[in-house]
Amino acid sequence: MTDIHQTSSNHLVHKYINDDYDEDDNCIPNVCSQELSQACNTGLEWVVRIPHVFPFTDLQETKDKFGLLKYQEALMLCVSEVGLNLLQDRRVEDSTCVEVSFVVRAICDITETWLLAKELEDQDFFDFVHRSHHHFYKVMTFNERKKLERYMNEFSLILRKELMNSGFRDKVHSFKKNAKKRYKQIMDVAAQAWSIYSSILVIRLDSGYKRSIPDLRGYFATNDDYVERFKKVSEYRLKMLNVLRKMYGQDLCFFAWKIECTSVKGLHIHWFIGLNGAKYQDRINVPKAIVQKWDALKLNEDFYTWNLNAMQRHDDAILRVIDYSDPMLWRIVGGYADYLTKVDYLVRHRTPKGMHSFGATNLSTSKAKTKRGPKRRKAMAKLDIWAVRRPLSELNAQTNTKGNE
């Protein structure tokens, strides 16, 4: 990149990361089309991931295949739109435009510089860029596709390097640190709960929108659209938590929730709940009662809850009443705690200021006392919180259980 463009992009990204602007300066007007703005935001959410994900990679190795396809389309659209402006001797800011964030302007800036550099290497490059839109990609020959994929993977790496060097490296690492802190909170709270209650019924529930035709759960027309829908789901979550507390009172040993957003499901909530196992043993009907109470709130006719406990076969269910001495105790809790605290890059970048995407029970000093009842005859399962932090998929494979993710 040239020093001029690099300085400009660094300055813009710095403003985005540090909120270093006045209230009337939170957008740069007249930058790009709404479609390009959305493409930049989608690209950002993938480009800065750790480890780096190339847009064109083996889809079979990627869990979020639909999300990866959107990532591909976003980068191709970004290159195509910015490239077409350059072909017409126009800068992006001269186009028919909408207001966008500083980081979108920075991505357009980086894209322009990369395209100009590639033109010096390949005289036919801009002719190729003219056909780089994902609609053309679908009808390309095999060799043309491979060439485009090579260029897009290179562009992704360059874009990542420039954004990371501009300040995103620290921001993304802060996501990881935050996830680690959240994981430890869940594990500490769970350890305290099992030190008080001999057994706990472990429950997993997922709340979200029903599938629609066409399925628009993961589509957001604008960033304001995302913000409004996030606020609405956050309101739902608060009402659901109030119901849960009223239902079980002191028998609610712990809870954790996380609002996520995926390419297919859109905004949804993961719940991890522990109830006093001395009073509640039915691993299917107890969570079913919670689901019925939540659905009775009629928050939205398309918003309802899945009982994941009922999706596990009885013989090998891991969502069940778990005794304090069970050798699988912390492996199970660690798997679900890790699942609830993995980094959701879309939510991390777009969560409205002052709002949260995660919450859990806090450690209670009033409960940190000798366990009620007679002394335990067995030793509590040993806990190394970091040793049991492994992907939930490993736990499912180990126990031959399906329907947990």
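Biologist: Where is Pro51 placed?

Modeller: Pro51 sits in the loop between H2 and H3. Helices here are DSSP runs of H or I with at least four residues, strands are runs of E with at least two, and both are numbered from the N terminus. The peptide bond leading from Ile50 to Pro51 is cis, with omega near -5°. Most residues other than glycine have a negative phi, and most peptide bonds are trans. Please keep in mind that this is a predicted model, where local features need pLDDT of at least 70, side-chain atom pairs count only at pLDDT 80 or more, and totals for chains, interfaces and linings use all residues. Residues are numbered from 1 along each chain as its sequence is written, and side-chain values use heavy atoms, with hydrogens and water left out.

Biologist: What is the peptide bond from Ile213 to Pro214, cis or trans?

Modeller: That bond is cis, with omega near -5°. Pro214 belongs to the loop between strand S3 (199-209) and helix H8 (223-248).

Biologist: What makes Lys298 worth a remark on phi?

Modeller: Its phi is near 50°, a positive value in a residue other than glycine. Lys298 lies in the loop between helix H9 (285-296) and strand S6 (303-307).

Biologist: Why is Lys298 called exposed?

Modeller: Buried means under 20% relative accessible area, exposed over 50%, and partly exposed in between, using a 1.4 Å probe and protein chains only. Lys298 has a relative accessible area of 70%, so it counts as exposed.

Biologist: How do you know that Arg211 and Asp215 form a salt bridge?

Modeller: A salt bridge is a side-chain nitrogen of Lys or Arg within 4 Å of a carboxyl oxygen of Asp or Glu. The closest N and O atoms of Asp215 and Arg211 are 3.9 Å apart, so the pair qualifies. Arg217 also bridges to Asp215, with the closest N and O atoms 2.8 Å apart.

Biologist: How many salt bridges does the structure hold?

Modeller: There are 14 salt bridges. One of them pairs Glu45 with Arg350, whose closest N and O atoms are 2.6 Å apart. This pair links distant parts of the chain, with Glu45 in helix H2 and Arg350 in helix H11, 305 residues apart. Both Glu45 and Arg350 are buried.

Biologist: Why is the pair of Trp114 and Phe155 called tilted?

Modeller: Rings of Phe, Tyr and Trp (its six-membered ring) pair if their centres lie within 6.5 Å; planes under 30 degrees apart count as stacked, over 60 as edge-to-face and the rest as tilted. The structure holds 16 aromatic pairs. In this one the centres are 4.9 Å apart and the planes stand at 35°, so the pair is tilted. Trp114 lies in helix H4 and Phe155 in helix H7, so the pair ties together parts that are 41 residues apart in sequence. Trp114 is buried at 6%, and Phe155 is buried at 0%.

Biologist: Which residues touch the most other members of the largest nonpolar core?

Modeller: A nonpolar core is a set of buried Ala, Val, Leu, Ile, Met, Phe, Trp, Tyr and Cys residues joined through side-chain atoms within 4.5 Å. Of the 41 residues in the largest one, Val48, Leu115, Met152, Leu159 and Leu163 touch the most other members. Helices H2, H3, H4, H5 and H7 each give two or more residues to this core. Apart from it lies another core of 36 residues, among them Trp194, Cys253, Phe358 and Ala360.
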